[in-house]
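Open the model in your viewer and keep the selection tool ready.

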Amino acid sequence: MTYLELEMRLPADYRAADLLSFHARDAQALAERVTAAGLDKGILWQGQPACLSLAFAGGQVRAALQLDGQAGDDLPSLRALVEHMLGLTQPVTAFESALGDHPLLGRLIAANRGLRVPQSASPFEALSWAISGQQISLQVAIALRRRLIQLAGRRHSSGLLCYPDAAAVARLDADALGRAGFSRAKAQTLLLLAREVAEGRLPLDQWVQDEPAEAIGRRLLALKGIGPWTVDYALLRGFARLDGSLHGDAAVRRQLQRLLGAEERLEQAFVRDWLAPFAPWRALVAAHLWAMP
């Protein structure tokens with residue numbers, strides 16, 4: 001067993017509740033457990049089951065990684081993972097300065113100072129979640145995500161199941177995914193993505209560092225079954241790229257309709273054009289729309 005631990009000072013405006021809410025989506029808490037102190041999350045670290053614990057107190061976060069196996073003392077990688085998951089690399093101060101006086105967005109920004117977009121633990125987790133959630137309700141998507149985790153069956157000694165990495169998903173087959181509720185098309189797309197990542201043709205983890213969003217998007221759109229909404233959502237939740245146009249997201253359209261006081265449902269083309277002037281912050285604008293009561 002390997003145990004790594006570190007502490008980090010958080011920005012004064014950090015909103016831990018946003019992170020905890022994001023990871024509390026599944027009420028059954030098979031892979032994530034939100035506690036009074038913070039979050040415990042089952043992940044695969046270097047292919048081995050691990051539990052990542054985040055505890056918030058006194059303007060700091062204490063991160064502890066308990067690994068069921070042996071690994072090197074890789075604190076820099078743990079720090080990078082925590083900074084990514086907490087959204088600490090996102091330039092929210094620049095965003096708030098640029099748009100804080102906007103006649104419509106200004107009051108949203110003022111009500112949600114410090115809003116960051118909580119990240120999945122890996123780009124593959126964000127992408128596979130986006131594929132699972134295509135064109136279905138949130139609750140159905142959560143159920144599919146749960147079944148995928150159960151199918152992979154990687155459990156940490158804490159009792160938490162671990163969200164599978166690409167190699168674990170690639171070992172599954174379409175029939176098993178179908179019995180778990182995945183459509184044939186989703187199962188095939190998920191397996192195609194997993195195999196491309198596992199075999200090194202889609203180096204998602206390397207792309208997190210500095211690969212341009214446009215280049216990532218082109219590579220992902222070349223995969224059958226991955227469309228613009230899936231790419232934009234994954235860029236936001238897995239790569240912390242803040243300029244995806246989430247005009248295809250039903251909640252974004254609904255909340256923008258409320259913000260504008262429009263009586264008729266907004267079409268995607270209208271929402272796309274409305275968001276366009278806010279580049280390079282369009283996805284962060286969408287996150288503020290999500291945060292509306």
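**Stop 1: D40**

Select D40 and show its contacts (heavy atoms within 4.5 Å): D40 touches A31, E32, R33, T35, C51, L52, S53 and L160, leaving aside residues up to four places away in sequence. This is a predicted model, where local features need pLDDT of at least 70, side-chain atom pairs count only at pLDDT 80 or more, and totals for chains, interfaces and linings use all residues. Residues are numbered from 1 along each chain as its sequence is written, and side-chain values use heavy atoms, with hydrogens and water left out.

D40 lies in strand 3; strands (E, at least two residues) and helices (H or I, at least four) are DSSP runs, numbered from the N terminus. Buried or exposed? D40 is buried, at 16% relative accessible area. Buried means under 20%, exposed over 50%, partly exposed in between (1.4 Å probe, protein chains only).

**Stop 2: the E32 network**

Select E32, K41, E125 and R145, which are linked in a network of salt bridges. A salt bridge puts a side-chain nitrogen of Lys or Arg within 4 Å of a carboxyl oxygen of Asp or Glu. K41 and E32 pair with their closest N and O atoms 2.7 Å apart. K41 is buried, with a relative accessible area of 0%. E32 is buried as well, at 4%. R145 bridges to E32 at 2.5 Å. That pair links distant parts of the chain: R145 sits in helix 6 (residues 138-152), E32 in strand 2, 113 residues apart.

**Stop 3: domain 1 against domain 3**

Colour by domain: domain 1 (2-89), domain 2 (90-114 + 243-292) and domain 3 (123-239), with bounds from an automatic or database domain assignment. How much area do domain 1 and domain 3 bury between them? About 1900 Å², 55% of it on carbon and sulfur atoms. Buried area is the accessible area (1.4 Å probe) that two parts lose on being put together, summed over both. Pick R25, L30 and L44: they supply 33% of the area that domain 1 buries against domain 3, more than any other three residues. Three salt bridges join domain 1 and domain 3.
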